[in-house]
Amino acid sequence: MTGRIDRFLYQKEKSLGLKILLLPLDFLSILYGWALRLRGILHSCNLLNSKQLPCPVISVGNITVGGTGKTPLVIALAKGLRERGISVAILSRGYRGKKTSGAIVSDGQTIFLSPEDAGDEPYLMALRLKETPVLIGKDRCATGRIALKRYPVQGILLDDGFQHLQLHRDLNILLVDSTIGFGDHHILPRGILREPLAHLRRADLFILTKIENPESCQSLKDLIQKIHPSAPVFHSHYEPTGLIGPNGEWEALDSFRGKKVLAFSGIANPSPFRSLLKKCGMKVIKESIFPDHHPYTKEDLASLEKKREGTDWMVTTEKDLVRLTTLEIGRLPIRALRIEMKIWEETLFEEVMRVFKGDEGDESSRKNL
């Protein structure tokens, strides 16, 4: 049921009947929007103070519900900064994980928590990033102090931090999914916006994600620049690099070309995933869609096993594969598509490195809410 509602909310153009059906949610959205605006005003007037860590903090976030590519970008930033001689720790709230305060997922060498305890995204980041500590906790400042005390890091990457106003950040990166944009511009629970569009002005730079055709996102870019003219807008896409199995087996993309696959996923917007599989030359003849962050069960696995008849492989996302590790999946032909986020403009890291060079720009010129 949740998945069906999500798909309705993600629609940019809604029928008159659907608008009438969603009408009761409009009032709740208005109340929620007022609360968010009041919160922003209190922070901008320093009536609600933001704590500060003694190092640069880079936030990666979004203004819509669902996946915009935060995890792939955090991984790309951590790798890129390390290549440039900057070591960082990653702080995440550990969405849907059992641990909620100051827990260490990884010290950069050893992973200490399971996907159930850490949450699928922090666990995946710990799995993909060697030499990068990953910590989870609702109080990002307290978790950040733990990271700085224990590890020789020079900065902090804040995963999903745009709404976490309690911690000062030196660079606010906002991701926007080019395939859905801002939906129909309504705030939760009526639409997919976490905050009013005016709050885009709190960002320092934007990255449009999942771009296949540059022309298709021009209207979205124009809207962003109309609201926040001074912030640069970057562009990105997902680049598949291979497929990985439950035990770390690696498969080249070419070996899956022409194969019949059952695609399954528990992510907010499965359409780009399906498109990537087809782009890699796979024949997606069957598909199973689960709610975002779905905790897979034995019953789900049995259903998928039955549905896979007539296919060569069962292909999912890496985040889904992480959530499947507690089940006995070794007997099944399951592989996860590994992707990397590729930024089109090489100047992105020039913007990122400024915060480590003490060149954050004129702070007073930023528009805070």
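**Exercise 1.** Does Trp 34 count as buried or exposed? Work it out, keeping in mind that this is a predicted model.

*Solution.* Start with the location: Trp 34 is part of helix H2, which covers residues 16-44. Next, get its relative accessibility, which is 56%. The cut-off for exposed is over 50%, so Trp 34 counts as exposed. Now look around it. Trp 34 belongs to a nonpolar surface patch with Phe 27, Leu 28, Ile 30 and Leu 31. For contrast, nonpolar side chains in soluble globular proteins tend to be buried together.

**Exercise 2.** Find out how accessible Glu 131 and Asp 160 are, and what their phi values look like.

*Solution.* First, a bit of background: most residues other than glycine have a negative phi. Take Glu 131: its phi is positive, at about 70 degrees, though it's no glycine. You'll find Glu 131 in the loop between helix H5 (120-128) and strand E4 (134-136). With a relative accessible area of 46%, Glu 131 is partly exposed.

Then move on to Asp 160, in the loop that runs between strand E5 (155-159) and E6. Phi is positive here too, near 55 degrees. Buried means under 20%, and Asp 160 has a relative accessible area of 11%, so it is buried.

**Exercise 3.** Which residues does the cis peptide bond join?

*Solution.* Look for an omega of about 0 degrees: that leads you to the bond between Leu 188 and Pro 189. Pro 189 sits in the loop between strand E6 (171-177) and strand E7 (205-209).

**Exercise 4.** Which residues touch the most other members of the largest nonpolar core?

*Solution.* This core has 54 residues, and the ones to pick are Leu 81, Leu 157, Ile 173, Met 282, Val 315 and Leu 337. Then ask who gives the most: helix H3 (residues 70-83), with six residues. There's also a second, separate core of 20 residues, including Leu 200 and Phe 206. Finally, zoom in on Leu 337. Beyond its neighbours within four places in sequence, its contacts include Pro 240, Phe 273, Met 282 and Val 315.

**Exercise 5.** Where do the buried residues of helix H9 lie around its axis?

*Solution.* List the buried residues of H9 (residues 298-307): Asp 300, Leu 301 and Leu 304. They span an arc of only 95 degrees around the axis, so they are on the same side of H9. They pack against strands E10 (260-265), E11 (283-289) and E12 (313-317).

Notes. Residues numbered from 1 in each chain as written. Predicted model: local features only at pLDDT ≥ 70, side-chain atom pairs only at ≥ 80, totals over all residues. Heavy atoms only, no water. Patch = residues over 30% accessible without salt bridge, like charges linked within 9 Å, V, L, I, M, F, W, Y side chains within 5 Å. Areas by Shrake-Rupley, 256 points an atom, 1.4 Å probe, with all protein chains shown as cover. Salt bridge = Lys/Arg side-chain N within 4 Å of Asp/Glu carboxyl O. Helix = DSSP H or I, 4+ residues; strand = E, 2+ residues; numbered from the N terminus. Buried < 20%, exposed > 50% of the residue type's maximum accessible area, 1.4 Å probe, protein only. Core = buried A, V, L, I, M, F, W, Y, C linked by side-chain atoms within 4.5 Å. Contact = heavy atoms within 4.5 Å. Arc of directions from axis to C-beta.
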